[in-house]
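I shall walk through a few features of one structure, and I ask you to keep the view open as I speak.

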Amino acid sequence: MLRGRPERELAAWWEAEAVAAAKAHAAKEQVRVDPGSAGEPERKAGEEQPKEPAPAQPRAAEEGDARVPPRPPPTLPMYQAKPVSAQGFYPHGKSRSKGRSCKRSSDRSEEYCSPRPVTVDSSKARTSLDALKISIRQLKWKEFPFGRRLPCDIYWHGVSFHDSDIFSGLVNKFPGMTEMVRKITLSRAVRIMQNLFPEEYNFYPRSWILPDEFQLFVAQVQMVKDGDPSWKPTFIVKPDSGCQGDGIYLIKDPSDIRLAGTLQSRPAVVQEYVCKPLLIDKLKFDIRLYVLLKSLEPLEIYIAKDGLSRFCTEPYQEPHPRNLHHIFMHLTNYSLNIHSGNFVHSDSTSTGSKRTFSSILCRLSSKGVDIKKVWSDIISLVIKTVIALTPELRVFYQSDIPAGRPGPTCFQILGFDILLMKNLKPILLEVNANPSMRIEHEQELSPGVFENVPSLVDEEVKVAVIRDTLRLMDPFKKKRESQSQQLGKPLASKEEPPESDLASASAGSAHPEAHLPSICLKQVFPKYAKQFNYLRLVDRMANLFIRFLGIKGTMKLGPTGFRTFIRNCKLSSGSLSMAAVDILYIDITRRWNSMTVDQRDSGMCLQAFVEAFFYLAQRKFKMLPLHEQVASLIDLCEYHLSLLDEKRLVCGRSATSGGRPPHSGTPQEATPAAQLAEGHPPPCTNSALKLSHSRHALS
């Protein structure tokens, strides 16, 4: 390689190359040179056409190689510079090597050129800006802190998908995610899964939605107390739209006067309080894990290998009427405990009121705890929670970015708040659509005077999560990988590319992330898809719901769409007339619309459709568990719709060819439908579910 040559030898080689190239072009110079650009110096390889006057730099200098001096501009005729390609890669414009044709040199140069830096719009990053800037700098990408007229490759938003109109590239928010992870919506989504698979979703505390389910809450608590007089529960009330611990309080009984005030003020969720958490240093703590939802279709989930542990600042005691108001004892929220006089700021990852999760695992491992089992349970919790959220997320997505219309590709980092019980079972507390990515904390210098101080613990975890999320979403990743592979393969031609080309290519495309640590995000889905796909029944119901929505951009199913669904899936019968179908639609839709705040669209929402689907499944397939009833009805619907699609396809082909459509139905094809119509699932369908959690370790 040229970089290993002595400086004097390298200069002599360049001089010889320039002289030889000058002689080769001397005879053609007067013919091929544009008279208006005869004295214009050559544009260096990989240099973009500048919009502002800027000194041209060779490729080696752009890659940070100080040992290779810039190539002197040869006194050769120059061709007109090529524009930037549509894919966003710079043209390669090196002067020809000694004894090579211009076409061959151009082809080899384009093959070994490295893609341009990824562009990131950080104008709306807000509190995650500092960590994002560090990540972009480590990746050597290009940041646009004030936005850009031209499209960027990645848009990083701090709060919402709707921060601005984006028609291309990637954006770090999903439409509807903020709404989906609110306390009430999350509880409803998990409750649907608890009805189908109660044993699989027992990691979420029993919840009631206020004020709609207040009477149900009172009745169920009283019923349990009557059956077990020794049961003395504690409940935690969380406002639906609250964050950072705002408005959260504990109660011992539904008759608590504060609960009456909540019913009149704003919607909330009341849950059973976990009274026996795992303690470290006699303090209660929770875990903030960062989860990357890389894609909805297909579903891709990554979990960060490290997270944060936030500690309470007052020694824990089981709740009783005298300590219910001790928020520093019961609530782990960082935004609350930072105001405690006992809060400890520490630059160590294993001490203080905020530590890394890995330090907690090391401490547990030293006491003989099976860390692999803990991680396995946490991974299972995350996958199951995302499976519960994705059906309605897909409805939001097709509403904001309908198929066939321009729009960005979405991804998002979620914050999972998890509590470990004394028996090490993980409990889901909540999911945050906009987890804090701040890497500094406030330190009180004097009463009322605060200063932002860097937090090494936050920076270690959060910068790695953002940086490696960007690495996974890199739009040029495949291009770089293919170029790296090509560098290792022998060339088809007998002639080898010049060593200068190889040096430039290896600097720009071979091992472009060699200076970075290994990616901290671990893929858990589809890696473990076989163990969890049987849970995705509501996803299949969402497919049916979206199919019959009709109008692009809507999120609610109208009465005509519901009737078409019943008719096409052949669900009406003598016991279920179309008039009864209309009544079912009106009753369920009216009740769900009365519980939702957003009244912009009228019609049946996805959760109402799921309730109607459960009702139809229980009527159609009796004497079966609910999840088998639902799976059998889904199989039946998908079967009839597949026949309908096939029939339409055959009719379309015959219409274009002018012939008669052949008979598409066979007795063998009709057998599953007949079995399902009689209330018996076919022997080899998706209803043959895996009913127990896989025992394989999710390592």
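I begin with two helices: α5 passes α14 in a right-handed crossing. Please bear in mind throughout that the model before you is predicted. In general, a pair of packed helices is described by the angle between the axes and by the distance between them. Here the axes of α5 and helix α14, which covers residues 456–473, come within 9 Å and cross at roughly 55°. An angle of that kind is neither roughly parallel nor roughly perpendicular under the cut-offs used, and α5 and α14 are therefore oblique to each other. On the α5 side, the contact is made by Ala 131, Leu 132, Ile 134, Ser 135, Ile 136, Gln 138 and Leu 139. On the α14 side, the residues are Glu 459, Val 463, Ile 466, Arg 467, Leu 470 and Arg 471.

Helix α5 also leads us to the sheet. This helix, residues 129–139, lies across β1 (119–124), β2 and β3, and runs at about 150° to β2.

In what order do the five strands of the open sheet stand? The order is β2-β1-β3-β4-β14, and the pairing is parallel. The edges are taken by β2 (142–144) and β14 (409–410); each has a single partner strand, so one side of each is left without a neighbour in the sheet. Strands of a sheet pair through backbone hydrogen bonds, in either a parallel or an antiparallel manner. Within this sheet, strand β3 (residues 154–157) and strand β4 (residues 170–171) pair in the parallel sense over two bridges. Tyr 155 has Val 171 of β4 as its bridge partner.

I turn now to the cysteines. How many disulfides does the count come to? The count comes to zero. Cys 637 is in no disulfide, and the nearest cysteine sulfur, that of Cys 569, is 3.7 Å away; the cut-off for a disulfide is a pair of sulfur atoms within 2.5 Å. Is Cys 637 buried or exposed? With a relative accessibility of 0%, Cys 637 counts as buried. Cys 651, by contrast, is partly exposed, with a relative accessible area of 33%.

Finally, consider Asp 587, whose place is in helix α20, residues 578–595. Asp 587 counts as partly exposed, at 45% relative accessibility. From Asp 587 to Ala 612 there are 25 residues in sequence, and the two are 9.8 Å apart in space, C-alpha to C-alpha.

Thank you for your attention.

Technical notes:
Residues are numbered from 1 along each chain as its sequence is written. This is a predicted model: local features need pLDDT of at least 70, side-chain atom pairs count only at pLDDT 80 or more; totals for chains, interfaces and linings use all residues. Side-chain values use heavy atoms; hydrogens and water are left out. Two strands pair if DSSP finds at least two bridges between them. Helices (H or I, at least four residues) and strands (E, at least two) are DSSP runs, numbered from the N terminus. Contact means heavy atoms within 4.5 Å. Axes are lines fitted to C-alpha atoms, for helices over the stretch in contact, and angles run from 0 to 180 degrees between N-to-C directions. Buried means under 20% relative accessible area, exposed over 50%, partly exposed in between (1.4 Å probe, protein chains only). Angles under 35 degrees count as roughly parallel, over 145 as roughly antiparallel, 65 to 115 as roughly perpendicular and the rest as oblique. A crossing is left-handed if the near helix is turned anticlockwise from the far one by less than a right angle, and right-handed if clockwise.
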